[in-house]
Amino acid sequence: MEQMKRVLEGSLLWRALNALCLWCGGQWQRSAVIQWFLHPAEWMADASRSSIFFKLWSALRSGLCWIYEKLHLEKLFSGSVFLQPWLWCTLTVALAALAPTMAAAGLTLVVGASLLLTLVSRRERQLYYAPMNKYILLFFGAYLVAIAMSVTPSASLKPGLLFLLFVGAALVTENSLTTRKQLEFFTGALVLLAAVVSLIGVAQYVFGVSGADSWVDSDMFSEITTRVYSTLQNPNVLAEYLVLILPLGGALLLTAKDWGRRILWFLCCGLITLCLLLTFSRGGWLGALIAGAIFVVMLSPRLILLAPVALVVLWFLLPDTIKSRFSSIGDMKDSSTSYRVAIWMGTIAMLKDYWLCGVGPGTEAFNQIYPAYGYQAANAQHSHNLFLQLVSDGGICTLILFLVIIFAFGRQICASISKNKNWRSRIFPIAVLSGVLGFLAQSMTDHTFYNYRVTLVFWAVLGLGSAWARVVGEEAEQA
């Protein structure tokens with residue numbers, strides 16, 4: 001490694017490219033748009049705390065605190081595990097891929113109850129402010145309206161409320177994790193359980209556990225006989241989950257302080273990567289590549305110069321099966337690709353008539369309207385595109401609010417890492433952001449919120465990123 005570094009530093013081409021990148025980076029960072037992006041106005045936090053929602057919450061909390069004190073409940077809950085929301089939050093999110101959906105929903109309610117109990121028992125404890133929170137609340141409101149205005153409100157009620165419960169995991173996670181130690185424990189638990197899920201997937205491949213025939217176009221990919229799905233019932237869903245977690249494993253590996261932990265996190269990352277490859281999910285692979293590129297560039301922008309070399313090395317190292325599968329992205333001869341394009345065309349045709357309020361959450365609402373607009377693919381459970389599906393579920397306002405949530409989240413992450421120059425602190429919010437953006441890239445090819453457990457993990461990871469951004473920012477201020 002040291003020898004390679006000396007060779008690069010001695011190369012005239014490398015030094016010229018490095019100087020060019022540094023100059024471009026400096027111009028980029030000093031631009032007015034980037035400075036605005038990296039420095040959110042301080043008044044926004046004050047405005048949030050003076051809003052009607054915060055005042056209503058303050059009044060409700062004061063009443064609950066009064067009841068708690070009058071009933072002397074502190075004697076009952078003193079030292080109770082129910083006053084440890086971070087522990088319940090870790091248990092819930094880490095086990096999400098292993099537990100049934102309704103068990104995950106029940107545990108999410110327990111986390112919420114534990115956080116509420118903590119806030120009521122400790123008057124000095126305040127809810128943390130994050131720029132995305134107010135937009136999440138607006139998203140809640142828009143989605144409730146969508147349920148009420150669904151073409152089949154009764155059928156949309158359960159899936160709509162279940163989805164909103166898991167959206168709330170962002171707020172709960174952000175407020176449950178309060179210290180760096182808790183954040184590191186939560187991140188480690190997520191990666192360890194993802195490794196367990198990956199191990200199950202690898203075992204499926206070894207023992208030849210086959211899934212649905214429709215998962216592979218046998219005419220184009222006759223050599224692919226098994227696509228692993230582990231505990232998530234579908235290889236694409238498994239890939240969505242792994243794309244979110246893999247950058248977190250990378251962050252733990254790079255920040256490990258002893259060889260025991262380095263070996264542990266290396267094995268976890270290796271298992272997750274291998275399982276991701278064995279899903280044969282092209283959208284998942286593309287999302288992982290985008291997540292990895294963002295992770296590397298944000299951590300050390302100069303490493304982008306090595307991207308062409310890395311791609312060439314990968315091309316020679318990867319098996320022909322994976323290369324042919326990846327190079328088929330966009331090939332309309334593939335039945336999976338043509339099927340998706342037909343669904344997108346049908347969904348867009350449907351949304352020309354239902355763009356304002358959508359048709360309502362849930363597969364039943366979608367299937368009640370979509371067949372009248374479907375092309376060759378008249379039968380579909382969803383639109384196979386998260387952004388189209390959000391419009392289908394709740395109209396254009398739902399999509400706009402979701403995009404604003406992601407923008408506010410990304411801005412908070414970037415603002416925090418711009419303040420803290422310690423790479424060990426910056427690496428975790430960078431890992432979260434890269435995983436989220438990789439997940440959203442895959443969302444262009446699939447309805448990534450179709451599986452509720454993946455939905456829970458996604459919104460919890462948003463909360464994790466917000467908590468990391470807060471802690472990293474506080475550390476920078478104290479330095």
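## Rings, charges and a surface patch

The charged end of Arg470 sits over the ring of Tyr128, 3.7 Å from its centre; this label needs CZ of Arg or NZ of Lys within 6 Å of the ring centre and within 35 degrees of the ring normal. Welcome to a predicted model, where local features need pLDDT of at least 70, side-chain atom pairs count only at pLDDT 80 or more, and totals for chains, interfaces and linings use all residues. Residues are numbered from 1 along each chain as its sequence is written, and side-chain values use heavy atoms, leaving out hydrogens and water.

**The chain overall**
- You will find 23 helices and zero strands in the protein chain (DSSP runs, numbered from the N terminus: H or I of at least four residues for helices, E of at least two for strands).
- Of the 479 residues, 49% are buried (buried is under 20% relative accessible area, exposed over 50%, partly exposed in between, with a 1.4 Å probe and protein chains only).

**Aromatic rings**
- The count comes to 20 aromatic pairs (rings of Phe, Tyr and Trp, using its six-membered ring, with centres within 6.5 Å; planes under 30 degrees apart are stacked, over 60 edge-to-face, the rest tilted).
- Phe166 and Tyr452 have ring centres 6.4 Å apart and planes at 45°, so the pair is tilted.
- This pair links distant parts of the chain, with Phe166 in helix α10 and Tyr452 in helix α23, 286 residues apart.
- Phe166 is buried, at 0% relative accessible area, while Tyr452 is partly exposed at 22%.
- One aromatic cluster includes Phe139, Tyr143 and Trp459.

**Another charge over a ring**
- Arg262 has its charged end over the ring of Trp259, 4.9 Å from the centre.
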